[in-house]
Amino acid sequence: MIRQRALAIALVPAAVLGLAACSGGGGEFPSKRIDYILPFDPGGESDITARLQQQPLEEVLGESVSISYKPGAGGALGWSELTRSRPDGYTVMGCNIPHIILQPMLRDDAGYETKAIKPVYFFQSTPNALVVKADSEFETLEDFVAAAKEKPGGLSVGGSGDFSANHIGTLQFADAAGIEVSYTPFDGTGAAVPALLGGHVDALMTYTPQIDALGDQVRPLAIMAEEPMEGVDAPTFAEEGYDLADGAYRGVCVQEDTPQEIVDTLAESFAAVNEDPALVEDFKAQAFNLENYDPAQSLELIDARTQEYTALLDKLGMLG
Amino acid sequence: MGDALQGLVDLLSPLTLLLVLVGTVAGMAIGAMPGLSATMGLALLVPFTFAMDPGAGLVLLGAFYMGAIYGGSFTAILVNAPGTPSSIATAFEGYRMTKQGRSEEAIVAATLGSVVGGLVGVLFLLFLAPPLADFSLRFGPQEYFWVAIFGLTIIIGMSTGSVLKGLVGGALGVLLGTVGIAPVGGDVRFTFGEPSLQGGVPLVPALIGLFTVPEVLKLIARRSREFEVQPGAEAESRHWTRMTTDLLRKPVNLVRSSVIGALIGILPGAGGSVANLVAYNEAKRASKERHKYGHGAVEGVVAAESANNATVGGGFIPTLTLGVPGTPPDAIVLGVLLLQGLRPGADLFTQSGDLVYTFAFALALSALMMAPVGLLAGRALQRGVVLLPARYLAPAIAVTSIVGAYAIRSSVIDVAIMVVLGVLAYFLGRVGVGVAPIVLGLVLGPIAERGLVQGLLVSTDHALPWLTFFTRPLSIVLILMCVAGIVWPMIQNRKQAVVTEMVAEAEKDRA
Amino acid sequence: MKNIITALGLLVLVASFVVQRDYRFPHTNLLPDASLVVLGVLSVVLLVQGLRQRALAGAAPDDAAVDDEEAVGLWDLGRAVLLMAAWVVALPRLGFLAAGIAFCTLISLTMRSERITPKAVLMDAAVATVIVLVLYLSFTQVLYVRLPELGGQ
C-alpha cells in the first residue's frame with residue numbers, strides 16, 4: 001500500500017514534466033501551475049501584496065499559483081532573468097516602477113532593458129510621503145524648505161534604497177523647491193525608520209503606509225498623492241504648491257515575446273482579483289492604494305515616467 | 001497584568017498548544033535544511049494565517065520562527081553546514097566535536113542553549129521592551145559601522161595559528177563582499193562583466209560553500225571519514241541527562257550569552273549575524289580553558305546557540321514597539337500584525353495586550369518544547385548521520401548543499417559560486433588561512449560599509465563628516481570596545497606563550 | 001613555498017579587482033579601496049615572509065605539520081573537485097533529479113574501496129535515488145521551490 005502511494009507520488013512530477021513538454025502546442029491558458037516570482041526578499045510590500053493575491057488569483061485562473069523569490073541587485077537580477085525566461089506566461093514576475101525604469105537608465109549594464117519586460121497589470125501603488133519625527137521643529141513643508149534653504153545640503157533625507165521611488169521623489173522635490181538635501185539610502189523601507197526615530201536623519205522620504213504604521217511617532221509633512229488620502233492627516237505636495245505626484249507602482253510583468261492573448265488573460269485575472277472584497281479590505285488595512293492599469297495603460301505609465309525621469313536626471317547631470 | 005493572564009489562558013487551549021507544537025517542529029525541519037531560511041518558511045505560512053484568527057496565526061508564526069533558528073544548529077554541528085549567519089559560531093565548535101565523535105554532546109548543548117536563550121529573549125521582550133527599543137534608536141549609521149568593526153576584531157582572537165593569515169582571510173572576505181551592487185549608492189562593482197554577479201556573493205551559498213564543500217571534498221577524496229565510529233563508544237558515553245546537568249553547572253556562560261543575544265538582537269539588520277559571534281567570542285575570552293576553543297569546546301556551542309535564540313525575543317522588541325522589523329522574519333510577522341489591524345507602537349502592549357502576551361508566551365512555550373522535540377529529533381538525526389556509511393553521507397551532503405544553494409534564489413549560478421568558494425576554501429585551509437575570518441569579513445563587510453557611507457551622507461551638515469564617527473558618545477564606547485577586542489587577545493596570547501615556554505623549560509629541566 | 005604561492009595568488013586577485021575600479025557615486029569607493037589596500041599589503045608581507053623562510057631554511061618544508069593532517073592525495077582531490085564541478089555543469093541540462101541521481105551514484109561508487117560489482121552499482125543507485133527523490137519531492141511539492149528540470153528551465 002505504502003509502496004503504491006510512493007509510486008503514485010513519484011509519478012506526479014513525471015506527469016507534470018510531460019504536461020510541461022506538451023503545453024507548447026497551444027490550448028487553453030493556463031493549464032498548469034503559474035510561477036509568481038518576486039525579485040525581492042520575502043517580507044516586503046511586494047511580498048505582502050502577492051500573498052494577498054495568491055488565493056483569489058488561484059480561484060480566478062483555476063490553477064495553482066506558487067510564489068517564489070529571486071532577490072538581488074535591487075530587483076535587477078530577477079528582471080534580467082525574466083528577459084531570458086520562456087515567453088509562455090507561466091513565469092510572472094513582480095515589477096516595480098520606478099525601479100524597472102531607473103536601473104537600466106543609471107547603471108552601465110543592469111542586465112535588462114526596460115522595454116524587454118512586458119507589463120501585464122499594475123495593481124497597487126504607495127505614494128511617497130515626506131515625514132519627520134513627531135517632536136521635530138518642522139511643522140509644515142514650508143518650515144522644511146525654509147530650513148533647507150538656510151543651510152544648503154545640510155539636511156539629510158533618508159529613504160528606501162537607490163533608484164527607488166523614495167530616491168527619485170527626493171530628487172524631484174529638491175528640484176521643484178530649489179533646495180539641496182542629502183539623500184541617504186537605507187536597506188528597505190523598514191530599515192530607514194529607526195534612523196528617523198533616533199534622530200540620525202532629519203526627515204524620511206517613505207511610502208504612505210508608514211504614516212499609518214508608525215502612528216504618532218512621526219508627523220507627515222506632505223504626501224505625493226494626486227488627491228488627499230483618507231485617514232492621512234497631511235496635505236498633498238500639490239496643495240503645498242509643488243506639482244509632484246509619484247510613488248512606487250507595483251505590478252506584474254512577463255517576458256516581452258509573450259503572446260498578447262496570454263497577457264490579456266493574465267491581466268483580466270489580476271483585474272478580477274482587484275475586485276475581490278476581502279482583498280480590497282486587506283489592502284485598506286495595509287494602506288495600499290488599489291490601482292488598475294491594464295497592459296496598454298501600464299505601458300503609457302512607464303513611458304510617461306521614463307520621460308519625466310530622463311528630463312530630471314539629465315538636468316541634474318546624473319545621466320552618464 | 002490582567003492582559004498577561006488572559007494571554008496565558010488563551011495559550012493554554014489545546015488547539016493553540018497543538019499550533020505551537022506543529023510550528024516548532026515544522027520550523028526545526030526547515031531550519032535544519034541549509035538554504036531554506038526562516039524567512040522563506042514564514043512567507044509560505046502567511047496564507048494559512050489569513051484563515052486563522054489573529055492570535056492563532058501569530059502563535060504559529062512565532063513557534064515556527066523559534067524552531068527554525070534552533071534547527072539550524074543540527075546541520076551546523078553534524079555536517080558543518082550553517083544554514084544562516086546565525087549559526088556560524090555553532091559550526092566552529094560543533095563540527096569539531098562531531099569530528100571527535102562527540103556530536104551527541106554538541107546536540108544536547110545546542111538544545112539546552114537554545115531553550116535558555118529563547119526564554120531569556122522572551123523575558124527581555126516582556127519586561128524591557130520599551131526602554132530597550134529607545135536604546136536601540138541611539139544606534140545610528142556610525143554606531144553600526146563600529147559594531148561591524150567590533151565583530152571583525154574577533155578575527156584576531158580566533159586566529160590560533162598566524163594572526164597575519166587570519167587578517168588575510170578577513171580582508172579577502174570583505175573584498176568578496178564588495179562584489180555586486182554597492183549597498184549604498186547603487187554602483188556596480190567588480191562583476192567581471194557578468195551581470196549575474198550584480199547580486200554579489202550570496203551569503204547562504206557562500207556559507208555552504210566555505211564551510212561544507214571542503215568537508216565534502218575531503219570525504220570524497222579520502223573515501224572515509226576523518227574519524228571512525230566505534231560501536232562501543234556510544235554505550236560508554238554519558239547519558240544526555242548527565243550532559244545536561246554538567247552543562248547546567250556552568251550557568252554563567254548560558255546567561256551571559258543569552259543576554260548578549262537579546263541585547264544585540266534589538267539592532268535591526270545586524271542583530272542575528274553579529275550576536276552569535278560576539279557571544280562566542282566573549283565565552284572564549286572569559287573561559288579558563290581558552291585553548292579548547294577551536295578544538296571542540298562545548299561551551300562555544302552553548303554560547304552561540306543561546307545567543308541566536310535569544311535574538312528572536314530581542315528582535316521582536318523594535319518590531320512590536322516601533323514597527324521596525326529587527327530581522328527579515330520579523331518583517332513577515334509585522335506584515336501579519338498590520339493585516340490583523342494591529343498597530344505596533346509603545347502602546348501595543350497596553351492596547352492589544354492580550355494578543356501580544358499570547359504571542360510572547362507562545363515563543364516561550366515553543367522554546368520549552370524544543371527540548372523534548374529537539375532531543376528526540378536531533379539525536380535521531382545525529383545517529384543517522386553518524387551511522388550512515390561515508391560513501392552515502394558524502395553524496396547526501398553534496399546534494400543537500402546543492403539544493404540549498406539553489407533554492408535561496410532559484411539560481412544555478414549560486415550553486416557554481418558555492419562550489420568555487422568551496423574549492424578555494426579547501427586550498428586556503430591547506431595553507432593555513434581558515435574559513436572563519438573569510439566568513440566574518442563577508443558577513444560584516446557590507447554592514448560596515450552601510451554604516452560608513454550612510455554615516456557620511458547623514459552628516460553633510462558637519463564640516464568634516466567623518467569626524468562624527470569619533471565624537472558621538474556611543475561611538476566612543478564602541479571604539480573602546482574595538483580597541484579592547486584587539487589588545488586583549490594579544491595580551492592573552494603573550495601570557496599563554498610565556499606559560500608554554502615555562503612548561504617547555506620545566507620539561508627540559510626534567511630531562 | 002605555500003606562502004609564496006598564496007601571496008602571489010592573492011596579489012593576482014587584488015590586481016583583477018583594481019583594474020575594475022570604476023565608481024560613479026560618492027563614497028562607494030571607500031570600503032573596496034580600503035580592503036584592496038589592506039589585502040595587498042598583507043599579501044606582500046606574506047610574500048616577504050615566505051621568501052625569507054625559504055632563504056633561511058633552504059628547501060626545508062614549511063608548515064609540515066599542517067600538511068600531515070591534511071594528507072589527501074592530489075589525484076584523489078582532483079577526482080573530488082572534478083565530480084562536484086561536473087555536477088554543477090550538468091545541473092541545468094540534466095535537471096536536478098537526473099543529475100542528482102547520476103552524480104550521487106558516481107560519488108558512492110568512486111568511494112568504494114573494494115571491487116565494484118553490479119550489485120554494488122544497483123545498491124548505490126537505489127540509495128542515491130531515494131535521497132534525491134525525497135529532497136526533490138519535499139522541495140517541489142511541499143515547499144513550492146522550483147528545481148531545474150530535464151532540458152532546461
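## A proline and its contacts

Setting aside neighbours within four places in sequence, B:P318 is in contact with A:P194, B:A133, B:S136, B:I266, B:P268, B:V324 and B:G326. One of these partners, A:P194, belongs to chain A. The model is predicted.

Where does B:P318 sit? It is part of helix 14 of chain B, which covers residues 298–322. Is B:P318 buried or exposed? A residue counts as buried if 20 or more other C-beta atoms lie within 10 Å of its own. B:P318 has 30 C-beta neighbours inside 10 Å, so it counts as buried. Now compare a position further along the chain. B:I408 is 90 residues apart from B:P318 in sequence. Their C-alpha atoms are separated by 26 Å.

## Where chain A meets chain B

Chain A and chain B touch each other. The contact involves 51 residues of chain A and 46 residues of chain B. Several elements of chain A each supply at least two residues to its side. The helices are helix 2 (45–61), helix 3 (76–83), helix 7 (189–197), helix 8 (209–214) and helix 10 (277–285). The strands are strand 2 (65–69) and strand 6 (182–186).

Which element of chain A gives the most to this side? Helix 7 does, with 6 residues. By class, the chain A side divides into 20 nonpolar, 20 polar and 11 charged residues.

## Where chain B meets chain C

Chain B also touches chain C. Here 48 residues come from chain B and 56 residues from chain C. On the chain B side, the elements giving two or more residues are helix 8 (163–177), helix 9 (203–222), helix 18 (390–407), helix 19 (412–430) and helix 20 (435–458).

Helix 18 of chain B provides the largest share of that side, with 12 residues. The classes on the chain B side are 33 nonpolar, 7 polar and 8 charged residues.

## Two helices packed in chain B

Two packed helices are described by the angle between their axes and the distance between the axes. In chain B, helix 3 (residues 38–50) packs with helix 15 (residues 328–339). Their angle is about 10°, and their axes are 8 Å apart. Angles under 35 degrees count as roughly parallel. Helix 3 and helix 15 of chain B are therefore roughly parallel to each other. Their crossing is right-handed.

Which residues make the contact? Helix 3 of chain B brings B:A38, B:T39, B:L42, B:A43, B:V46 and B:T49. Helix 15 of chain B brings B:P328, B:P329, B:I332 and B:V336. By class, this contact has 8 nonpolar, 2 polar and no charged residues.

## Domains in chain A

Chain A is divided into two parts. Domain 1 takes in 32–124 + 247–315, and domain 2 runs over 126–223. The centres of these domains, taken over C-alpha atoms, are separated by 26 Å. Their contact takes 16 residues from domain 1 and 17 residues from domain 2 of chain A.

Look at the domain 1 side of this contact. The elements that give two or more residues are helix 4 (99–106), strand 9 (247–255) and helix 11 (295–315) of chain A. Helix 4 of chain A gives the largest share, 4 residues. By class, the domain 1 side has 8 nonpolar, 7 polar and 1 charged residues.

## Domains in chain C

Chain C is also divided into domains. Domain 1 of chain C is 2–69, and domain 2 of chain C is 74–142. Their C-alpha centres lie 36 Å apart.

Key: Residues are numbered from 1 along each chain as its sequence is written. Chains are lettered from A and ligands numbered from 1 in the order in which they are written. This is a predicted model: local features need pLDDT of at least 70, side-chain atom pairs count only at pLDDT 80 or more; totals for chains, interfaces and linings use all residues. Two residues are in contact if their C-beta atoms, placed from the backbone, lie within 7 Å. Ala, Val, Leu, Ile, Met, Phe, Trp, Tyr, Cys and Pro count as nonpolar, Asp, Glu, Lys and Arg as charged, and the others, Gly among them, as polar. Domain bounds come from an automatic or database domain assignment. Axes are lines fitted to C-alpha atoms, for helices over the stretch in contact, and angles run from 0 to 180 degrees between N-to-C directions. Angles under 35 degrees count as roughly parallel, over 145 as roughly antiparallel, 65 to 115 as roughly perpendicular and the rest as oblique. A crossing is left-handed if the near helix is turned anticlockwise from the far one by less than a right angle, and right-handed if clockwise. A residue is buried if 20 or more other C-beta atoms lie within 10 Å of its own, exposed if 12 or fewer, and partly exposed in between; C-beta atoms are placed from the backbone.
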